[in-house]
Amino acid sequence: MTLTITNIKRIHADQSESITIENGKIKGWNLAPEGDTIDGQDATIAPAFLELHAHLREPGQEQKEDLASGLAAAAAGGYGTVVCMPNTSPVIDQPELVRALIAKATGLGQARLRPSAALTRGQQGDQLAELALLREAGAVMFTDDGRTNENARILRLGLEYAASLGLPVSVHAEDATLRAGGVMNEGPVSEALGLPGNPAAAEAARVARDLELCRLTGAHLHIQHLSTARALQLVREAKQAGVNVTCEVCPHHLLLTDESLRGFDTLYKVAPPLRTRADTQALLEGLQDGTVDCIATDHAPHTRAEKELDMLQAPFGIPSIEVAFALMYTHFEAQLGLPKLVDLLTAGAAQVMKWPAPTLDTGAPADLVLLDLHTERTVNPTEFKSKAKFSPWAGERLRGWPVLTVVDGKVAYRRE
Amino acid sequence: MSKAGSGLRHLLDFQEWSTARLLALLDNTDTMLAVLDRPVKKVPALQGLTIGTAFFENSTRTRTSFELAARRMSADVLSFAAGSSSVSKGESLRDTIETLSAYKVDAFIVRHHASGAAHQVARYSGKPVINAGDGRRAHPTQALLDAYTIRQEFGELAGKTVAIIGDVRHSRVARSNAELLPKLGAKVILCGPAPLLPRDLAGEGVSLTTDARQAVQHADAVMALRLQQERMDTGYLGSIADYVKLYQLNEALLAHAPDHAIVLHPGPINRNVELSDDVADGPRSRILKQVENGQAVRMSVLYHLLVGRG
């Protein structure tokens, strides 16, 4: 199967070019058009994005999201590859589950699925899962995610074993006893609102502990969704000291603060919580100076009814995979520049996974996205492919929308 | 999921309430108290309106006070208690409120264990909402009746000092008073054991101390907050005896307050925990006065929101 996309521009290039794709690979640039032809309408081409942190809810929570809706949403967001989280029902801690998910996703023609698996049985934190068998089945990362690893000894063992298998362990770094029942950032806003607070120290304390385990084992630790200036600084210092650590940040932690909770809208209830302006600024600096390796979304869909519970009962999470790039481009293009921004969504994420950096060179896998950097569109959650049709950014005008996503040489998403 | 409507239609907290409006509401309470002194304690102000009391958390006193206030103003009252309903089966707040709205309720009085629930009800129902206590967040009619009781005693609130002693962290009464009293020119001193006294609550007109004697030293009114056994079970305090040692409002502590200082309590009292028997029943106690004023304040709030429209 051959596909030619004409009238496209590479990042920061002026001339219009065309790319030809054949049998899942990039056949070449500016060849005579052959096969199906798509007019790129002057869009900017980039390698398709890699998502290292999405909750696709399958198996068991299909009322929130499933592979079909979640991977379609990912493709609409410009993502070619998604690492899904294992906190499903049942937990993804069995090789057969990993195989079944990959098999099902492969037939969907959406973004590619690379599942993570639980580090411990049932994500309970007290007994390692079958890491070698999970890897053999196709798991690419081990994590207990939101079930924070309270048992440091087991995490240490998991780090050592995973390292010998060549896979990273990622952690949701929060001390669960300090976080306690916190539903938002602890500070003047939480006290004014009378909502239980989750102190920044809960993240920093856990990052400090886990960095020690990283030093102890030499294993690769990936820290998920950093939210505080203090924890980021700990990672920065550890990296300078040569510790084998990587980290990600999410668009919502860069854009929103605890002030958003003043309206008591559960849309803004997320873990780790939205912090302060000083934290968002520090995270941006972390992106600029290279402390942060990649942007992940922590796409966390729930049903509308669940999000319409009260502030204590409503589940944590913001769905964002479809708007992540437009958000980042609209708000941070000036500070980061487009090449760096794309890097954080592609090569940066690949480097965390020790995967080859995605390129658009002849012979490379044909995973690519076309971005319309000029047209402003209103965020309209009713149009989301995700089952979670709500967004903190509903009604906001954004630029930088993906218009075409190609995965394995096939069109996975095309904006109508 | 837009912002709750303007404070003109709701009493959720005091964020959008001006001093002038608050004073008008307190002035109007005098009239309502006069109604309660008549042989026939009923006025037709809310005739034809239906008030829904949606209590997702039990509170016999507050609910009785509100329902009586509504009935004395000739409103019909729909009572909804969550404990015996579908809410305990996991129904969303929005579904519950939309169902109640379908009964043609004109205004809601909401009590809920989660902070912000009254704001959510205002957003979901589109009807005027009076917050009868949401989580740790606010209990505005309680603060209004406290303010009214102090003003009744001293003639004005400006320049007065109110000490609030106890479990400040978990108290919507403390938060609402800390929001209201400074708007009326009074100073608030929040006092309690350090684990129950969040530093971030200090602000304009609101100071903190862990020293109860210092808190009452210049107080015109001293309020004790209810201490729940749960605080011992969740590690905030070693024991009730340990709390009583420094923070019980008793004659020994009250001896450090000015002679004219009055004693308040939002009820129900844990006798000889946060408040000693002799003080609760003593000459400085205005606790029963608070209950009486509470009904009049709630009538005034209903009138203000549903008839006067500010």
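Predicted model: local features only at pLDDT ≥ 70, side-chain atom pairs only at ≥ 80, totals over all residues.
Let's begin with chain B as a whole. Its secondary structure comprises 12 helices and nine strands. A compact globule of 310 residues would have a radius of gyration near 19 Å, and the value for chain B is 19 Å, so the two agree. Buried residues account for 49% of the 310 residues in this chain. The contacts tell us about the fold too: of those in chain B that link residues at least 6 apart in sequence, 73% are between residues at least 24 apart.

Now turn to a sheet in chain B. Five strands form an open sheet in the order β7-β6-β5-β8-β9, and their pairing is parallel. Two of them, β7 (206-209) and β9 (262-264) of chain B, stand at the edges; each has a single partner strand, and so one side of each lacks a neighbour in the sheet. From one strand to the next, the twist averages 20 degrees.

Strand β6 of chain B, residues 187-191, runs parallel to β7(B) and is joined to it by four bridges. Here you can find Leu190(B) opposite Leu208(B), the latter in β7(B). Packed on the sheet is helix α6 of chain B, residues 172-180, which touches β5 (161-165), β6 and β7 of that chain. The direction of α6(B) makes about 155 degrees with that of β6(B).

Helix α6(B) also leads us to the meeting of the two chains. There, 22 residues of chain B are in contact with 17 residues of chain A. On the chain B side, α3 (93-101), α4 (117-125) and α6 each supply at least two of the residues that touch chain A.

Finally, let's cross over to chain A and look at helix α13, residues 338-345. Which of its residues are buried? They are Leu341(A), Val342(A), Asp343(A), Leu344(A) and Leu345(A). The surroundings of these buried residues include both strands and helices of chain A: they pack against β4 (36-47), β5 (49-54) and β14 (294-295), and also against α10 (277-289), α12 (324-336) and α14 (347-353).

Notes. Residues numbered from 1 in each chain as written. Chains lettered and ligands numbered in written order. Pairing = 2+ DSSP bridges. Axes fitted to C-alpha atoms, helices over the stretch in contact; angles between N-to-C directions. Contact = placed C-beta atoms within 7 Å. Buried ≥ 20, exposed ≤ 12 C-beta atoms within 10 Å, placed from the backbone. Rg over C-alpha atoms; globule rule 2.2 N^0.38 Å.
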